[in-house]
Amino acid sequence: MGLRRTTVMLWTSLALAAPVALAAQPAADACAEQLSQLQKRLAFLQQRLANLEHELASRPSPQAAADAWRDPATWRALRNGMSQADVLRVLGPPGRVTVYYGFLRWEYPDALGARVDFDERGRLIAWGALAR
């Protein structure tokens, strides 16, 4: 009788433990998948950080950026369709901003200087450097 009782208890224990063991496998798979996704995200963010650090290191000093518009070569870098951020990187901050019906004008250093015009989408449509 003792052997039979031990066998029944063993089978009962196995029957009760099997669903728990089977349920643990999908959870482990889900954790492994999540870990894989997090590792990919980390690699992406590390690459993005490296790119941004490189871009930041290659930027001119704030004073040089503020005076970039004075160099005629910088005006030759402008292209139709550039965004305001692109123009800001090339010429630096404007001295004055004026809004007209249908377009925006940035003036360097003021109304008597050079200018760039943007359409309603913020894209470069025209520019004029200082006459030298």
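**Salt bridges in the predicted model**

Arg105, Arg115 and Asp117 are tied together in a network of salt bridges, a salt bridge being a side-chain nitrogen of Lys or Arg within 4 Å of a carboxyl oxygen of Asp or Glu. The model is a predicted one, where local features need pLDDT of at least 70 and side-chain atom pairs count only at pLDDT 80 or more, while totals for chains, interfaces and linings use all residues. Residues are numbered from 1 along each chain as its sequence is written, and side-chain values use heavy atoms, with hydrogens and water left out.

Asp117 pairs with Arg105, with 2.7 Å between the closest N and O atoms. This pair links distant parts of the chain, 12 residues apart: Asp117 sits in strand β3 (residues 114-118) and Arg105 in strand β2 (residues 103-108). Strands here are DSSP runs of E, at least two residues, and helices are runs of H or I, at least four, both numbered from the N terminus. Asp117 also meets Arg115 in a salt bridge, at 3.9 Å from N to O. The cut-offs are under 20% relative accessible area for buried, over 50% for exposed, and in between for partly exposed (1.4 Å probe, protein chains only).

Over in helix α4 (residues 84-91), Arg89 and Asp86 are three residues apart, so about one helical turn separates them. Their salt bridge brings the closest N and O atoms to 2.5 Å. Arg89 is partly exposed at 49% relative accessibility, and Asp86 is partly exposed at 27%. Overall, the structure holds five salt bridges.
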